Amino acid sequence: MSKNNFPKLHNATWPGIVGKGDHEPIISLDELLEKTANAEVNGVKFDGVDLGLFDPHVKLDPSDDYIKSVVDKIGGQYGLSIGTLVAPIWPPDGGSAMGSPGRS
């Protein structure tokens, strides 16, 4: 039986996109993955990422080959696992999580 080595430490990718003002450029997925893979404090490193499904990090209508390339990049190139996927609920890619405008 395998040893339980929880909790896993994951970094979120969507802050590289969401909430950026006009003077804050989007942080590329490659830069976020590189920084996540290289981060270490007192010997503790990230195990993976929680991946936001937002343009420009991840295409919103991807092909199977594109999905495989993203998975291979995260797991193969950077040695990280994918924990959770975060749906695009903010405009322009997604809709409101709270209903339509004018409705509560």
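Where in the chain does His57 lie? In this predicted model, His57 is found in the loop between S4 and H2.

The chain holds two helices and five strands. Read from the N terminus, these elements follow the order β-α-β-β-β-α-β. Of the 104 residues in the chain, 21% are buried. The accessible surface amounts to about 7,400 Å², and carbon and sulfur atoms account for 55% of that area. When contacts between residues at least 6 apart in sequence are considered, 70% of them join residues at least 24 apart.

The largest nonpolar core consists of eleven residues: Leu29, Leu33, Ala37, Val49, Leu51, Val58, Tyr66, Val70, Ile74, Tyr78 and Leu80. Two or more of these core residues come from each of the elements H1, S4 and H2. As a general matter, nonpolar side chains in soluble globular proteins tend to be buried together.

Helix H1, which spans residues 29–38, also contains Thr36. Is Thr36 buried or exposed? Thr36 counts as buried because its relative accessible area is 2%, below the limit of 20%. The side chain of Thr36 reaches the backbone oxygen of Leu32 at a distance of 2.7 Å. Setting aside residues up to four places away in sequence, Thr36 touches Asn11, Phe46, Gly48, Val49 and Leu80.

Beyond its neighbours up to four places away in sequence, Gly52 touches Thr13, Trp14, Val58 and Val86. The C-alpha atoms of Gly52 and Pro88 are separated by 7.3 Å, although the two residues are 36 residues apart along the chain.

In general, most peptide bonds are trans. His57, in the loop between S4 and H2, is buried because its relative accessible area of 5% falls under 20%. The side chain of His57 reaches the backbone oxygen of Ile27 at 2.7 Å. Apart from neighbours within four places in sequence, His57 is in contact with Thr13, Ile17, Ile26, Ile27, Ser28, Leu29, Leu32 and Tyr66.

Which residues line the largest pocket? The lining is formed by Leu51, Leu53, Val58, Lys59, Leu60, Pro62, Tyr66, Ile67, Val70, Val71, Ile82 and Leu85. The elements that give two or more residues to this lining are H2 and strand S5 (81–86). H2 gives the most, with four residues. The space in the largest pocket is about 150 Å³.

Two further positions complete the account. Asn42 is located in the loop between strand S2 (40–41) and strand S3 (44–45). Although Asn42 is not a glycine, it has a positive phi of about 50°. Most residues other than glycine have a negative phi. Asn42 counts as exposed because its relative accessibility of 79% lies over 50%.

Leu9 is placed in the segment before strand S1 (10–12). At 38% relative accessibility, Leu9 counts as partly exposed. Not counting residues up to four places away in sequence, Leu9 touches Val44, Lys45, Phe46, Asp47 and Gly48. Leu9 and Asp50 are 41 residues apart in sequence, and their C-alpha atoms are 9.8 Å apart in space.

Notes:
Residues are numbered from 1 along each chain as its sequence is written. This is a predicted model: local features need pLDDT of at least 70, side-chain atom pairs count only at pLDDT 80 or more; totals for chains, interfaces and linings use all residues. Side-chain values use heavy atoms; hydrogens and water are left out. Buried means under 20% relative accessible area, exposed over 50%, partly exposed in between (1.4 Å probe, protein chains only). A polar contact is a pair of N or O atoms within 3.5 Å; within protein, one must be able to donate a hydrogen and the other to accept it, and residues adjacent in sequence count only if both atoms are side-chain atoms. Contact means heavy atoms within 4.5 Å. A nonpolar core is a set of buried Ala, Val, Leu, Ile, Met, Phe, Trp, Tyr and Cys residues joined through side-chain atoms within 4.5 Å. Accessible areas come from the Shrake-Rupley method with a 1.4 Å probe; for residues, only the protein chains shown count as cover. On a 1 Å grid over the protein atoms alone, a cavity is a set of points where a 1.4 Å probe fits but cannot get out, and a pocket is an open set with protein on both sides within 12 Å along at least five of seven lines; lining residues have an atom within 4 Å of a point. Grid points are joined across faces, edges and corners, and a volume is the space filled by probe spheres set on the points.
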